[in-house]
Amino acid sequence: MDYATLLQVADSTVRLSVPLLLACLAGLYSERAGIFDIGLEGKMLMAAFTSAALAAVSGSVWIGLLAGIASSMLLAGLHGLASITFRGNQLISGVAINFLASGLTVVIAQAWFEQGGRTPSLQGAARFEPITLPLAETLQGVPVFGPLYAELISGQTALAYVGFAMVPLTWWLLFRTRFGLRLRAVGEAPEAVDTAGVSVIRMRFAAVAIAGVLCGLAGAYLATALQAGFVREMTAGRGFIALAALIFAKWRPWYALSATLLFGLLQAVALRFQNIDIGTFTVPVQFMDALPYILTVVILAGFVGKAIPPRAGGEPYVKER
Amino acid sequence: MTAPAIELNGISKAFGPVQANKDISIRVMPGTIHGIIGENGAGKSTLMSILCGFYKADAGEIFINGTLTPIPDSQAAIRAGIGMVFQHFKLVQNFSVLENIILGVEEGALLRPSLAKARKELQHLADEYELRVDPDALIQDLSVGHQQRVEILKALYRKAQILILDEPTGVLTPAEADQLFRILERLRAEGKTIILITHKLREIMHITDTVSVMRRGQMTDTVKTKDTNPQQLAEMMVGRKVLLRVDKAPAQPGANVLEVDNLRVTDDDGVDRLKGISLNVRAGEILGIAGVAGNGQSHLMQVLGGITPGTGTVLLNGQELDLTGKSSDGRSRRKRGIAHVPEDRQHEGLIMDFSAWENTVFGYDDDPAYQANALLMDNGAIRAETAAKMERFDVRPPDPQLAAKNFSGGNQQKIVLAREIERNPDLLLVGQPTRGVDIGAIEFIHKRLVELRDAGKAILLVSVELEEILSLSDRIAVMFDGQIMGERLPGETDEKELGLLMAGVREEAA
Amino acid sequence: MSKMPKWADIVLIPLINLMLAFALSALVILAIGEDPVEALILMVKGSFGSTYGWGYTLYYTTNFVFTGLAVAVAFHAALFNIGGEGQAQLGGLGVALICLYLPWPHWSLALLGAMLGAAAFGAAWAAIPAWLQAKRGSHVVITTIMFNFIAAALLNYVLVNLLRPPRAQDPSSAKFPEVTHLPTLHDILSPLGISFSKSAPANITLFLAIAACFGVWLLIWRTRFGYQLRAFGKSEPAAIYAGISPTRIIMITMLISGGLAGLMAVNNVMGEAEKLVLNATEGAGFIGIAVALMGRSHPFGVALAALLFGFLYQGGAELALWTDIPREMIVVIQALVILFTGALDNMLRMPLERVFLALRSEGK
């Protein structure tokens, strides 16, 4: 494998990691606040569709992005209503949201664009274009670093940079601000937050809303940056890989970056090489597809360090007996 | 004359049909330590939860320093200068001490200045009150005593002038408790008002200025501590209710059925719950275990019932029982002839959503009499048997199809008793047989227990109701802090003496 | 006293929730410029208007009965098995191996063999999440989701690399031998003089599904294991008090649940496709969740709910054929049913309980 191929795989890893990362961080906010979210997939899918649809109609990717975020937040609000206000089962609510998005996107896409459940192809300003960072051309000639800078670091889309910037931002927000302190507390010991005079319900809704925004970004990235338009089921299980990455990352932002880059790499390798020959033995591409899930089960089983979820996760907060 | 720091006026609170607080009024003067004493479930914690805004009262007024101060939520309580140390700490386990301290009262959007300020303030409080804790330690790494200090620091950091402590010594070693009392005295000297909720007479006498007694959701009396004594308080606490007389002949004890030697239980958190219990129960006698709830009686019942593992030796009719839990469980205990009426009827003794007939075979469902064939249970036979049992035990309504949750507490208990007693066990473990049970059913249940005794069975009775222990038992053992404080014969003791033993006070100290 | 009469709990609430789901679905149909009433008529005609329609409706119903029962059995033990999809896919693999590699003399014996294979493979796929839940405390919901994806990858590998006949293009197994083909409703009913569509896929497995409903009913309410399973599901501390082992209940319940999900493959793989294809389950495993919620986890309710969803699926296919409403409309309805009967249950329950309490106190 030469350096150019390596760079291509790295570049593809980065591109494929971005939606996983955004969705994983979305789950991180929600679950850190004690609300399980298996509806990441649905929110992403919904955002992918609305962002592509609005971008196609308006010709502006930014309007598409806003619409994508709004639709994802709507589903997040539904999840909040079911699991916070009505103290319903958070898992069942997530399942419902996934199906709702899966069905609605195709039904509306078909009625709107009549292209078999897809949106028209996005072109020009309706799509996020790669951003060329300064000096990318100048440094091209520098050995090793030049191509790395030009091909990998430069030339990603705006949302990719946003995604990676979200990692330190999330870390900072969670561990350095009042909001983060309360958010983490509400997922660990809501009664401590309540007796400290802070509204548990409001904190949890805030977390769920942030998850909505981030899933919106992830979906918009899929449809308007990674691809040029929406196709049915285009999230293809990424919401669940993100969920797996979240467990893998033990609900921590920097670990989330590593986990999603790892899972992105697995996808990139599977995409590029199909079956991988290791001497006499061939690793089938399907194994690469399944690896994130297998790794997560191993982690969950506690064989490789224990993944301890936020203590109050999944439980509606009931004060009075 | 200075206004009282706290004045409660006609506070009432109900949880569904249960009236936890009924028309409670109380005044506490500033700079004093006021004790509130009462049995478990008397409504002490509920009252204080109302005062600190955790629960909302259904009726009544709260005055703080003479001003009417509604306390609808925790925020209002904090503003009014009220701090509470709950029995179950409200701490975030994987946060540092500092983070727990500032939660909810951060200085601004960023944590750094708040943490710096709290660190300084903590140093200051530590110097002033000897409340020392490592500010950067995680709560989960601290001992219970230190966690409690964090709760007190939390309140002081919020500038609390009124500090409420709910059963603060229940989780402390005697040395830790003494330390706590020194801190409380220092706080009082600073002019702070302290309310101490406890059921331990020794603490009340030791530290409080005034004391209120609560019983069954009502405030019975408030007195100056120096004008009273433990005997009088014990009397007020237990109350002078109508003594339900149980007609029973003197026991005719036979051979030992249960012999327990050096029984120890350590719970999942590593706390020693039973610290070497030794006792015996003979055929045809009732051994009553008196004690304040939480002193190991539950663990005694559970380890004998095969639910929790323990160490030591337990012989049933001379045969050793497995205590490891490896080759025993509730079912195997039943097969050996131990029936068990658990303390927690609603979560253990019954499946509330199951019908009465399903509940009457719970734990005995493998009895061949209940199987129609190799595959199916004989539900018809079970229903018929249940109907007969309900008749015999006077369960009302006598409808085997009705779900357990739809019976009153007394009738629920009769269903459990019918199930356990009619198996004709050698030993009956029975916990809190009349908790939440109406007067009529109490009489019936007591009669059945005595009948079982007269049939030559051994009964181990655990109850927090002293009167029940006194009227039913042939011998009484008092438990305190996982140990047996002493054994008495009911004819040769009284509530006062037992009350003191239950509070951990031995004769020589009283 | 209970807060609500029993009929309100098992009939009124599901019915209102269903109405809400349908009303919202109608709004969606209106919003995309179609007529919901016309759509409904078309769906009813398409699924019940001919033996062909019935044949498809009952075929789908059969699938959903199995996956619905799988979820329902686990629900009774307070376990949420989202892994029906993966378990049913593995069941398909079991059926394929049995049909392809064993020489069967008659379809009836092949059916027995296939049932065993389907149930065994489905149960095996549920066994690992069950063991992890019982022994390691890993949440069965998350692990079964993961196992769905692992199952999809595994099936993909097996079909592409192992079962695909040489020179074939599609990732599917060879056609099963003629002798393993199951009698369809047409074959069963024509000797009785009833004519039934020849091309509809409903087959003898339908009767298996009915038997399974009865079997699950017996298991849950008449056997000792079912009794213990329900006790564990209602209260774990009580179960431990009685000496019921949580590990044993979790393992056996999940094996039964996985086995039921796997049995679905007898219908779709052996009865319909007569070969193993990629994604043979087409989401039926997930529909089981909606069916179990809708059917209140009672086999009779599951059967009714499965019929409802069978109708929706066949009707939805007809809609896609004759109108501009795509098949995915069914997924929307399914989502709304799960949402209202599952996640938002309290939304309706709380006010209704208050109404009934008020009515009762007035009646006194």
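Which strand pairs with β15(B) in the antiparallel sense over 2 bridges? Keep that in mind; the answer comes at the sheet of chain B.

**Before you click**

This is a predicted model: local features need pLDDT of at least 70, side-chain atom pairs count only at pLDDT 80 or more, and totals for chains, interfaces and linings use all residues. Residues are numbered from 1 along each chain as its sequence is written, while chains are lettered from A and ligands numbered from 1 in the order in which they are written.

**Stop 1: chain A**

Select chain A. Color by secondary structure and you get 12 helices and 2 strands. Helices (H or I, at least four residues) and strands (E, at least two) are DSSP runs, numbered from the N terminus. Along the sequence the pattern is α-α-α-α-α-α-α-α-α-α-α-β-β-α. The radius of gyration of chain A is 20 Å, close to the 20 Å that the globule rule gives for 321 residues, so chain A is as compact as a globular protein of that length. That radius is taken over C-alpha atoms, and the globule rule is 2.2 Å times the number of residues to the power 0.38.

Along the principal axes, the C-alpha atoms of chain A fill a box of roughly 65 × 50 × 40 Å. Of its 321 residues, 57% count as buried. A residue is buried if 20 or more other C-beta atoms lie within 10 Å of its own, exposed if 12 or fewer, and partly exposed in between; C-beta atoms are placed from the backbone. Now look at contacts in chain A between residues at least 6 apart in sequence: 76% join residues at least 24 apart. Two residues are in contact if their C-beta atoms, placed from the backbone, lie within 7 Å.

**Stop 2: A:Arg87**

Zoom to A:Arg87, in the loop between α3 (61–85) and α4 of chain A. Its phi is near 50 degrees, a positive value in a residue other than glycine. A:Arg87 is partly exposed because 15 other C-beta atoms lie within 10 Å.

**Stop 3: where chain A meets chain C**

Show chains A and C together. The contact takes 36 residues from chain A and 37 residues from chain C. On the chain A side, α4 (90–113), α10 (238–248) and α12 (285–300) each supply at least two residues. α4(A) gives the most, with 15 residues. By class, the chain A side divides into 23 nonpolar, 11 polar and 2 charged. Ala, Val, Leu, Ile, Met, Phe, Trp, Tyr, Cys and Pro count as nonpolar, Asp, Glu, Lys and Arg as charged, and the others, Gly among them, as polar.

**Stop 4**

**Stop 5: the domains of chain B**

Color domain 1 (6–238) and domain 2 (256–353 + 419–509) of chain B separately. Domain bounds come from an automatic or database domain assignment. The C-alpha centres of these two domains lie 33 Å apart. Their contact takes 12 residues from domain 1 of chain B and 12 residues from domain 2 of chain B. On the domain 1 side, α7 (201–207) and α8 (230–238) of chain B give two or more residues. The largest share, 5 residues, comes from α8(B).

**Stop 6: the sheet of chain B**

Here 4 strands form an open antiparallel sheet in the order β12-β11-β14-β15. Two strands pair if DSSP finds at least two bridges between them. The opening question is answered here: β14 (residues 311–316) of chain B pairs with β15(B). Find B:Leu316, which stands opposite B:Gln319 in β15(B). Then select helix α9 (residues 297–304) of chain B, which packs on the sheet and touches β11 (256–266), β12 and β14 of chain B.

**Stop 7**

- B:Asp127: found in helix α4 (residues 111–129) of chain B. B:Asp127 is exposed, with 10 other C-beta atoms within 10 Å.
- B:Pro397: the peptide bond from B:Arg396 is cis, with omega near -5 degrees.
- B:Gln432: found in the loop between β17 (427–431) and α15 (439–454) of chain B. B:Gln432 counts as buried, with 23 C-beta neighbours inside 10 Å.

Terms used:
Axes fitted to C-alpha atoms, helices over the stretch in contact; angles between N-to-C directions.
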